[in-house]
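The sequence and structure come first.

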Amino acid sequence: MNIKTVSCLKMHYYCFFISILCISHCLAVNQHKAEIEDNEFAEFEEFDEDDELVVKEDETTKINAESKIPPPEQSFDEEVQIEEDSEEFEHFQDEEEFEGLDQEVPLVKGKQSEKPDLKITKVPLHLRRNWESFYLEFLMIAGLLVYFINFIAGRNKNQKLAMAWFNSHRQILENNFALVGDDGKKEIESPGIQKESENIYTLWCSGRVCVEGMLVELKFLKRQDLVNVMANMFRPASDQIHIKVTMNADAMDNFVFCLANKKTAARLLKEMGDLSTYCPEKKSVDRLGVPDSFIMMSELGEAASAMLDSKLITVLQKYSDCIDFLHFSDQFSGPKIQDDAQLTKLPDTKKMLLFGFNIPGKGKTTPEIMENMKPLLQLVFYSIEKVKRFKLSKEAKTKAEKNRQRVEEVFLKNTHAQRQEAAQARREEKRRAEKEKMMNEEDPDKQRKWEEREHRRELKKRGPKMKQLKGKAL
């Protein structure tokens, strides 16, 4: 073969090779189009692959920037073309949200550029807070503790004082009464002194001649109440013993007598109905040898002279600080009834002897002081015997009866006036209702007849009253 033939053969081989390449390229393109038509999400898969490339490239760039390693140079063979859909992924491209984070901060006056320093504030735990912020809670807890401690201590002290008085006076009470701590009417599990409240204790005694019963009431200060304890620091007060003796109906004559301190006398005269009714005047007792701190209120002078004998005056002089009042009355009805109260009958009265004693110490009472109160209890029994034996003279008894009749007449007169006013009010109300009914009546004849009847009634009411004389039939 010559050279010309060889060159022609090479040209044919090149053309055949190029044609094969073209045919294979066309087949590959047609096969790719067919796959795209069969797979509906093919175009999105291309975008996912492109996005992954972009994310990896951004992460590589960020790591290189933090480690100050320059990014590797990309060759032309590794270039990747990314197709971006600006309309579909526009919400991922908010440049204002991360503005300034991916940009370099320029140097300011020779200072090295720094990236924004984002710090998270550490919130302290609850137990690490400053205890000074809880001072109000601490004060409240401390106040409650002080209150409960004072409550327990005050209650125990009042109970201790009550038991001290009962134990020291029990023998005297049992010598004068058949029953001590039991009234015989209701069942009591443990006869003796009874607790009414944290500062009030009572003791009932019965079974004595001429006496229905005796009630002893121990009124201690409210030591269990912190407010009252603080008030007593500024205004000292005393514990008290009140004794009420109910006499039989025939064991006491009719008289009202009271001897009390000046301050207590004013209060009793204002509150007690029998004192304000039968002996409203206060009398001095200087000439009788009674201390100046006492005021006497008596219905009958004869009864006052009989009650204030030498023995009683001696006790008053010796225990003037302990005796608060002595109140003897056959018309005792309790506190005074208000003037605006409408009563249909006189209140029930009893013959009673009332005694009020102040325990010395101005609140600083001790069991030893309670034991020294025995002479005052003996004064009670002496007064019972004194009242039982005392008899009024004929003139004094007549005067006492007239006083009680006068009080009854005044009461009946007042109640009669009240009844008349009530009846008049009922008549006016009835007439008003009848007038309103007739005004709503549609029949004019009935209205006219009613008006004429009312007019005749008014004329008859205004006319002079004639007395009708009845003559005896022959």
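## Salt bridges within helices

Glu-429 and Arg-432 form a salt bridge, with 2.7 Å between the closest N and O atoms. A salt bridge here is a side-chain nitrogen of Lys or Arg within 4 Å of a carboxyl oxygen of Asp or Glu. Both residues belong to helix 11 (residues 394-439) and sit three residues apart, about one turn of the helix. Helices (H or I, at least four residues) and strands (E, at least two) are DSSP runs, numbered from the N terminus. Glu-429 is partly exposed at 47% relative accessible area, and Arg-432 is partly exposed at 49%. Buried means under 20% relative accessible area, exposed over 50%, and partly exposed in between (1.4 Å probe, protein chains only).

The model is predicted: local features need pLDDT of at least 70, side-chain atom pairs count only at pLDDT 80 or more, and totals for chains, interfaces and linings use all residues. Residues are numbered from 1 along each chain as its sequence is written, and side-chain values use heavy atoms, with hydrogens and water left out.

In helix 5 (residues 262-271), Glu-271 and Arg-267 lie four residues apart, about one turn of the helix. Their salt bridge has its closest N and O atoms 3.6 Å apart. Glu-271 is partly exposed, at 37% relative accessibility, and Arg-267 is partly exposed at 37%.

Asp-309 forms a salt bridge with Lys-386, the closest N and O atoms being 3.5 Å apart. Asp-309 is in the loop between helix 7 (301-307) and helix 8 (310-318), and Lys-386 is in helix 10 (residues 374-389), so the pair ties together parts 77 residues apart in sequence. Asp-309 counts as buried at 15% relative accessibility, whereas Lys-386 is partly exposed at 21%. The salt bridge count comes to 10.

## Strand 9 and its partners

Eight of the nine residues of strand 9 (residues 350-358) are buried, so the strand is largely enclosed by the rest of the structure. Strand 9 pairs with strand 5 (residues 240-247) in the antiparallel sense over seven bridges; two strands pair if DSSP finds at least two bridges between them. Leu-354 is the bridge partner of Lys-244.

Strand 8 (residues 323-332) also runs antiparallel to strand 9, joined by seven bridges. Here Phe-328 stands opposite Leu-353.
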